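Reader: Please present the model, so that its fold may be discussed in questions and answers.

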Amino acid sequence: MMNDIIADGLTRIRNASMRKLETTQLLHSKLMEDVLKVLEQKGYIEGFKVIEDGNKKFINVTLKYDENGDSVINELTRVSKPGRRVYKGYQDIKRFKNGFGTLVVSTNKGVLPNDEAYRLKVGGEVICSIW
């Protein structure tokens with residue numbers, strides 16, 4: 001049994017990008033789907049597709065690489081974990097890595113990138129950081 005599907009999904013993406021794979025398959029959850037929407041919106045992945053196999057669901061993620069064949073993702077880290085939740089107010093998530101990185105924040109308005117959460121003046125649980 002797996003406790004943290006988000007950490008597993010982020011690790012699968014990180015490993016696939018290090019191996020320069022075109023796609024990778026993740027376990028499905030609504031939160032993982034929302035995190036992938038943010039990553040796609042910010043340009044860190046090409047896209048994703050939910051696949052149903054009987055009563056199980058998977059997510060196929062298409063990774064993104066630059067013109068030199070290097071991964072667009074430099075670092076992908078899980079911030080809030082099941083054993084230690086991390087919550088921040090909107091003032092604390094204004095900028096990450098001088099604007100080059102993105103924090104994915106779960107707010108009462110949905111899962112948002114840090115710049116949009118700051119614009120809406122909502123804080124929440126910091127799920128992961130990427131740059």
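Reader: Which pattern does the chain follow, read along the sequence?

Author: This is a predicted model: local features need pLDDT of at least 70, side-chain atom pairs count only at pLDDT 80 or more, and totals for chains, interfaces and linings use all residues. Residues are numbered from 1 along each chain as its sequence is written, and side-chain values use heavy atoms, with hydrogens and water left out. Helices (H or I, at least four residues) and strands (E, at least two) are DSSP runs numbered from the N terminus. The chain has three helices and eight strands, and their order is α-β-α-β-β-β-β-β-β-α-β.

Reader: Which residues of α1 are buried?

Author: Helix α1 covers residues 5-18. Buried means under 20% relative accessible area (1.4 Å probe, protein chains only). What covers the buried residues of α1 includes β1 (23-27), α2, β3 (56-63), β4 (76-78) and β8 (124-130). The buried residues themselves are I6, D8, G9, L10, I13, A16 and S17.

Reader: What is the nearest side chain of opposite charge to E33?

Author: E33 lies in helix α2, residues 30-41. Beyond its neighbours within four places in sequence, E33 is in contact (heavy atoms within 4.5 Å) with H28, F48, V50 and I59. Although buried, E33 has no salt bridge, defined as a side-chain nitrogen of Lys or Arg within 4 Å of a carboxyl oxygen of Asp or Glu. Lys and Arg count as positive and Asp and Glu as negative, without His and the chain ends; the nearest side chain of opposite charge, 4.6 Å away, is K37.

Methods. Buried < 20%, exposed > 50% of the residue type's maximum accessible area, 1.4 Å probe, protein only. Expected span 1.5 Å × (residues − 1).
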